[in-house]
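Open your viewer, show the chain as a cartoon, and keep the selection tool at hand. We will go from one stop to the next, and at each stop there is something to select.

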Amino acid sequence: MLSLRYIVSIICFIALMSSAGASLFGVVSTAKHQPPLVSSSIILQQLRGGGNDDDDVDNVPAFRPYLPYTLAIRDSIMIAHSFHKHPSFGPAGGLHGATYTVDVEFASKKLHKECNWVIDIGVASDLVAEVLKKYNYKNLDEVFGDDIMTTTEFMCQTIHKDIAEKLRERYANGDENEFEGWMKVSLWESHKAWASFEGPSSLL
């Protein structure tokens, strides 16, 4: 027969786990108990150079909302750049070329009420292609200057911002097909390494 002390210990343990929002399988993450999260872009900028001091990254949401519908566009760019002989980048500090596979994901809470799409795939493809023209076959050192480390992370954020601006321009007159949702830009350096930046389409 279980002792009274053992039974009391079990009851106290269960009460403690419940108050902490936890279970036998780990802590349950809820908005009520979840601490504020640091923006991934802020962490990336602390780890690797490239961001501007005046970037408005404080407005980046800490986590992605649940948006079940996604449309993705894939394109590519060929660029040249250097990291201005910064010792942290080793051989990549000098001028070199790179070919990026670019994936842009558009996510939304619901489909267009008439067309059943996240965003018109033709519009999305054209917007992405138009933005990438700014960087394709360019030397990024000349595009951004000697003060910017054009890391893959930085370019993801920059392309995201450019696409968001193009979306605002296109739907400035309140087009009923306006896209409102979340965008994620991923740049693949190779099949082994890639980076991404994500946020609302109206973020920057």
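**First stop: helix α5**

Select methionine 155, which is found in helix α5. Keep in mind as you look around that this is a predicted model. Is methionine 155 buried or exposed? Its relative accessible area is 1%, so methionine 155 is buried. Now show what surrounds it: leaving out residues up to four places away in sequence, methionine 155 touches Tyr135, Leu140, Phe144, Thr150 and Leu187.

Stay in helix α5 and select threonine 158, which lies there too. With a relative accessibility of 12%, threonine 158 counts as buried. Beyond its neighbours within four places in sequence, threonine 158 is in contact with Tyr135 and Phe144.

**Across to strand β6**

Next, select serine 186, in strand β6. How far apart are methionine 155 and serine 186 in sequence and in space? They are separated by 31 residues along the sequence, and their C-alpha atoms are 9.3 Å apart.

Serine 186 has a relative accessibility of 6%, so it counts as buried. Which residues are in contact with serine 186, once its neighbours within four places in sequence are set aside? They are Thr101, Val102, Asp103, Cys156, Ala195 and Ser196.

Cysteine 156 counts as buried, at 0% relative accessibility. For a contrast, select cysteine 115: with a relative accessible area of 35%, this residue is partly exposed. While you have cysteines on screen, note that the structure holds zero disulfides.

In general, nonpolar side chains in soluble globular proteins tend to be buried together. To see an example here, select Phe106, Ile119, Ile163 and Leu167, the residues that touch the most other members of the largest nonpolar core, which has 33 residues. Which elements each supply at least two residues of this core? Colour β3 (69-81), β4 (96-108), α3 (121-132), α5 (152-170), β6 (182-188) and β7 (194-200) to find them. Helix α5, where the tour began, gives the most to this core, with seven residues.

Now zoom in on isoleucine 163. Apart from residues up to four places away in sequence, isoleucine 163 touches Val104, Phe106, Val128, Val131, Met183 and Val185.

Follow the chain out of α5 and select tyrosine 171, in the loop between α5 and β6. Setting aside residues up to four places away in sequence, tyrosine 171 touches Ile119, Val123, Asn177, Glu178 and Phe179.

**The largest pocket**

Which classes of residue make up its lining? There are five nonpolar, three polar and seven charged residues.

**Two loop residues with positive phi**

Most residues other than glycine have a negative phi. With that in mind, select asparagine 116, in the loop between β4 and α3. Its phi is near 55 degrees, a positive value in a residue other than glycine. Asparagine 116 is exposed, with a relative accessible area of 56%.

Then select tyrosine 137, in the loop between α3 and β5 (138-139). Tyrosine 137 is not a glycine, yet it has a positive phi of about 60 degrees. At 64% relative accessibility, tyrosine 137 counts as exposed.

**Zooming out**

Finally, show the whole chain again. How many helices and strands does the chain have? There are five helices and seven strands. Trace them from the N terminus and you will pass the elements as α-β-β-α-β-β-α-β-α-α-β-β. Of the 204 residues in the chain, 32% count as buried. Among contacts in the chain with a separation of 6 or more, 66% are between residues 24 or more positions apart.

How values were computed
Residues numbered from 1 in each chain as written. Predicted model: local features only at pLDDT ≥ 70, side-chain atom pairs only at ≥ 80, totals over all residues. Heavy atoms only, no water. Disulfide = S-S within 2.5 Å. Buried < 20%, exposed > 50% of the residue type's maximum accessible area, 1.4 Å probe, protein only. Core = buried A, V, L, I, M, F, W, Y, C linked by side-chain atoms within 4.5 Å. Helix = DSSP H or I, 4+ residues; strand = E, 2+ residues; numbered from the N terminus. Contact = heavy atoms within 4.5 Å. Nonpolar A, V, L, I, M, F, W, Y, C, P; charged D, E, K, R; others polar.
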